[in-house]
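Subject: Structure for you to look at

Hello,

Here is the structure I said I would pass on. Please open it and keep it beside this email while you read.

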Amino acid sequence: MQNPFYGMRPLPPVDVLAAESRARTERKRLRGIWRKIVSRCTDKNNQQYKDYGGRGITISNEWLMSFDEFASDIGPRPSMDHSVDRIDNSLGYCKSNCRWATPEQQSTNRRSTKFFLYCDEKLSMSQICRRLGLKVANVNAKLRAGAHPAVAFGTNGVSSDRTQY
């Protein structure tokens with residue numbers, strides 16, 4: 001009796017199948033991210049449109065017309081913690097203005113973030129608080145009450161960055 005599997009190619013190893021499955025899943029996730037970017041920049045019915053397309057944030061024609069171009073330019077997602085971030089929030093989504101960013105990077109890259117000079121370095125309030133072991137809420141309350149940044153942070157090494165504050 002002849003082997004019924006004679007002439008068939010062997011199946012790839014399980015680890016290769018798992019890697020291919022992960023790659024397909026990641027591509028689906030990336031396509032979802034791309035769709036959300038396109039929607040909030042172009043769809044007036046999107047709840048986030050007012051904060052993106054409504055204030056002039058656009059998506060480059062290359063990315064708008066081609067998911068593959070977007071995927072190639074942005075590259076693989078470093079981890080599930082990373083999300084697409086616009087380096088300059090006043091500009092749109094394009095290769096030169098986007099990156100994968102951590103939640104910490106995202107939280108300091110907002111229009112509402114106030115920056116201070118601390119030891120000649122421009123840092124956000126939360127970054128300075130982390131370095132000094134302070135609670136953001138306490139420092140924020142002091143600043144809202146009118147305290148000078150040096151008083152609010154309890155150190156003479158902090159001043160307002162007037163260009164951003």
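D120 counts as exposed because its relative accessibility is 82%; with a 1.4 Å probe and protein chains only, exposed means over 50% relative accessible area, buried under 20%, and partly exposed in between. This is a predicted model, in which local features need pLDDT of at least 70, side-chain atom pairs count only at pLDDT 80 or more, and totals for chains, interfaces and linings use all residues. Residues are numbered from 1 along each chain as its sequence is written, and side-chain values use heavy atoms, with hydrogens and water left out.

D120 lies in the loop between strand 3 and strand 4. Its phi is near 60°, which is positive although D120 is a residue other than glycine. C119 is found in the loop between strand 3 (115-118) and strand 4 (121-124), and C119, not a glycine, has a positive phi of about 50°. C119 counts as exposed because its relative accessibility is 56%. Strands (E, at least two residues) and helices (H or I, at least four) are DSSP runs, numbered from the N terminus.

Next, the rings. The structure holds five aromatic pairs. W63 and F70 form an edge-to-face pair, because their ring centres are 4.9 Å apart and their planes are at 85°. Rings of Phe, Tyr and Trp (its six-membered ring) pair if their centres lie within 6.5 Å; planes under 30 degrees apart are stacked, over 60 edge-to-face, and the rest tilted.

Last, the largest pocket. Its lining has 17 residues, and Y52, R86, N89, Q106 and N109 lie nearest the centre. On a 1 Å grid over the protein atoms alone, a pocket is an open set of points where a 1.4 Å probe fits, with protein on both sides within 12 Å along at least five of seven lines; lining residues have an atom within 4 Å of a point. Strand 1 (83-86) and helix 4 (103-108) each supply at least two lining residues, and strand 1 gives the most, with four.

Regards
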